[in-house]
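Hi,

Here is the structure I promised to pass on.

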Amino acid sequence: MICGHGSRSQSAVDEFATLAQKLPAHLPDDWLTDYGYLEFANPVIRDGLDRLRMAGCDRILAVPGMLFAAMHAKNDIPTVLNTYAAKHGIAISYGRELGVDPKMIAAAAARIEAALDDDVPRHDTCLVVIGRGASDPDANGNVAKIARMLHEGLGFGWLEVGYSGVTFPLVEPCLEHAARLGYRRIVVFPYFLFSGILIDRIYGFTDRVAAAHPGIEFVKAGYLGDHPRVLETFAERILEQDAPVPPPNCAACAYREQVLAFDDGRHVHIPPGARDHPAFGAVPPAVCVTCKYRAQVLGFEGEVGAIQESHHHHVEGQGASAPGSNVADCTLCDTFCTGLCRLEAQKGHHQDHGHSHDHGHDHAHGHDHHHAAYPHADHPHGPESARKTRA
C-alpha cells in the first residue's frame with residue numbers, strides 16, 4: 001500500500017499513479033499493490049486499504065510516498081493506518097520514508113546532469129537545491145545533506161539550499177542571494193518526487209529572478225519523478241518490512257502517545273509503553289536520534305512527546321475543488337501560486353480549537369488538537385517573503 005501525499009494538481013496525481021503502477025515489477029509476483037492519498041486527491045488512503053482488504057489481504061505493508069519524515073509521515077499517515085487496522089482487525093505495518101539514500105542521490109544527480117550542457121564549467125556554476133520545507137528541522141536538515149552530497153559528488157562551484165514553503169530561505173530570496181555570488185550559471189533543482197503547484201512555484205520564481213539578472217544563465221532541472229533508482233528505493237522500503245527485524249518506524253513510535261479517532265466519535269489513546277518494536281531499546285534507533293518528538297532539538301524543545309494524531313481529514317479527497325487548485329481564479333497571484341493565500345489564511349487560524357464538521361466521511365467531534373506553530377514563521381526569508389512578491 002503506497003501512501004501518497006496528494007496534490008491539488010492533476011498532473012502530480014497522475015504521475016504518482018504511474019509510479020504506483022510501475023512498482024509491482026519490483027515486488028514478488030503474488031503481492032497485490034494499491035495506493036491512496038493523504039490529502040486533496042482521490043483515492044484516499046482508506047480507499048486503497050479497502051480494496052486490498054476486500055481482495056483478501058490480511059496483512060498489509062504500507063510505505064509513505066514521501067522523501068523525508070515530517071508531519072505527514074510522522075503523524076498523519078501512521079495514525080490513519082493504525083486507525084484502519086484497529087477498526088478492521090487487520091495487520092498493517094508501516095515502512096520508512098525514502099530518506100537519505102545513495103539511490104535517491106543517484107537519481108537526483110541524473111536529473112541534474114540531464115539538464116546541463118558543456119558550455120559552462122561546473123566550477124563556474126552554482127547549484128541551488130530546493131526542498132519541500134517543513135516544520136520539522138530533521139526533514140529540512142536532510143534536504144541540506146542531500147544537497148551537500150550532490151554538490152560534492154558533481155563538483156559544482158557553489159551550493160545554496162532553499163525551500164518551497166514553511167521554513168527559510170524560500171525560493172525567491174534563495175535565488176536572489178545566489179545571483180549575487182558571481183557565478184555564470186545557476187542550476188535550480190527541485191528535490192521533489194512529482195510535479196504540482198510547488199514545482200510551478202519553484203520554476204515561476206526562477207523565471208522571475210532570471211529576468212532580473214539577464215547576465216546569468218538559469219537552468220531548470222527536472223524533478224525526480226519515476227526515475228528507476230527512485231522505484232528501487234520504494235521497493236526496498238516495502239521489502240525491508242518483510243525482514244525478520246524490520247526497521248523502526250513512526251507507526252510504532254516508543255516516544256509518543258497516539259490518539260486514534262473513529263467514525264463513531266470514539267477516541268482511543270495508546271500510550272508509548274503499549275507500542276512494541278524490537279528496535280526501541282536503551283539506545284534510540286538512528287532514525288530517531290534527531291527527531292524533535294524524542295529529544296529536545298534546538299529551537300523545538302517544546303515538542304518532545306507531542307501527541308501523535310492526524311488532522312488531515314479536513315482536506316481529504318477534496319480534489320480539484322481544493323483551495324489553490326487553479327491559479328487562474330486567484331486574486332493574489334498572476335502566473336503561478338506564490339503561497340500568499342496560505343499566508344493570509346493563517347492569520348485567522350488558531351492552533352488550538354474545537355471543531356465540528358461534516359465532509360466526506362461524515363463525522364463530528366469536538367476536541368483540542370494541537371500542531372505547534374513553526375517557531376520562525378516570521379523569518380524575513382521564509383513565507384513572509386511572499387508578501388513582497390506582489391506588484
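**What I found**

The mean pLDDT of the protein is 89, and 88% of its residues reach 70 or more; pLDDT is the predictor's confidence in each residue, from 0 to 100. This is a predicted model, so local features need pLDDT of at least 70 and side-chain atom pairs count only at pLDDT 80 or more, while totals for chains, interfaces and linings use all residues. Residues are numbered from 1 along each chain as its sequence is written, and side-chain values use heavy atoms, with hydrogens and water left out.

One stretch calls for care: over residues 350-368 pLDDT stays under 50, and the model has 35 contacts beyond four places in sequence for them. Contact here means heavy atoms within 4.5 Å. Where pLDDT is low, the predicted coordinates should not be read in detail.

**The sheet**

Helices (H or I, at least four residues) and strands (E, at least two) are DSSP runs, numbered from the N terminus. Two strands pair if DSSP finds at least two bridges between them.

In what order do the four strands of the open sheet come? The order is S6-S5-S7-S8, with parallel pairing. S6 and S8 are the edge strands, each pairing on one side only. On average, neighbouring strands of this sheet are turned by 20° against each other, direction ignored. For angles like this, axes are lines fitted to C-alpha atoms (for helices over the stretch in contact), and angles run from 0 to 180 degrees between N-to-C directions.

Strand S7 (residues 185-190) and strand S8 (residues 217-220) run parallel and are joined by four bridges. Arginine 185 has glutamate 217 in S8 as its bridge partner, and isoleucine 186 stands opposite phenylalanine 218 in S8. In a regular strand the side chains alternate between the two faces of the sheet.

S7, helix H7 (residues 197-212) and S8 make a right-handed β-α-β unit. Right-handed means that, with the strands pointing away from the viewer, the path from the first strand over the helix to the second runs clockwise. H7 lies across S5, S7 and S8, and runs at about 170° to S8.

Helix H6 also packs on the sheet: H6 touches S5, S6 and S7, and its direction makes about 165° with that of S6. Why is H6 (residues 171-179) largely enclosed by the rest of the structure? Because seven of its nine residues are buried. Buried means under 20% relative accessible area, exposed over 50%, and partly exposed in between (1.4 Å probe, protein chains only). The buried residues of H6 are Val171, Glu172, Pro173, Cys174, Leu175, Ala178 and Ala179. Their cover includes strand S5 (125-131), strand S6 (158-163), S7 and H7.

The loop between S6 and H6 holds proline 169, and the peptide bond from phenylalanine 168 to proline 169 is cis, with omega near -5°. Proline 169 is partly exposed, at a relative accessible area of 22%. Beyond neighbours within four places in sequence, proline 169 contacts Val161, Gly162, Tyr163, Cys174 and His381. Valine 166 also lies in the loop between S6 and H6; its phi is near 70°, a positive value in a residue other than glycine.

The loop between strand S2 (35-37) and helix H2 (45-54) contains proline 43. The peptide bond from asparagine 42 to proline 43 is cis, with omega near 5°. Phenylalanine 40 sits in the loop between S2 and H2 and has a positive phi of about 70°, although it is not a glycine. Is phenylalanine 40 buried or exposed? Phenylalanine 40 counts as buried, at 12% relative accessibility.

**One more residue**

Glutamine 241 is in the loop between helix H8 (228-239) and strand S9 (258-261), and is buried, with a relative accessible area of 7%. Which side chain does the side chain of glutamine 241 make a polar contact with? That of serine 93, at 2.6 Å. The side chain of glutamine 241 also reaches the backbone nitrogen of tyrosine 94 at 3.4 Å. A polar contact is a pair of N or O atoms within 3.5 Å; within protein, one must be able to donate a hydrogen and the other to accept it, and residues adjacent in sequence count only if both atoms are side-chain atoms.

Cheers
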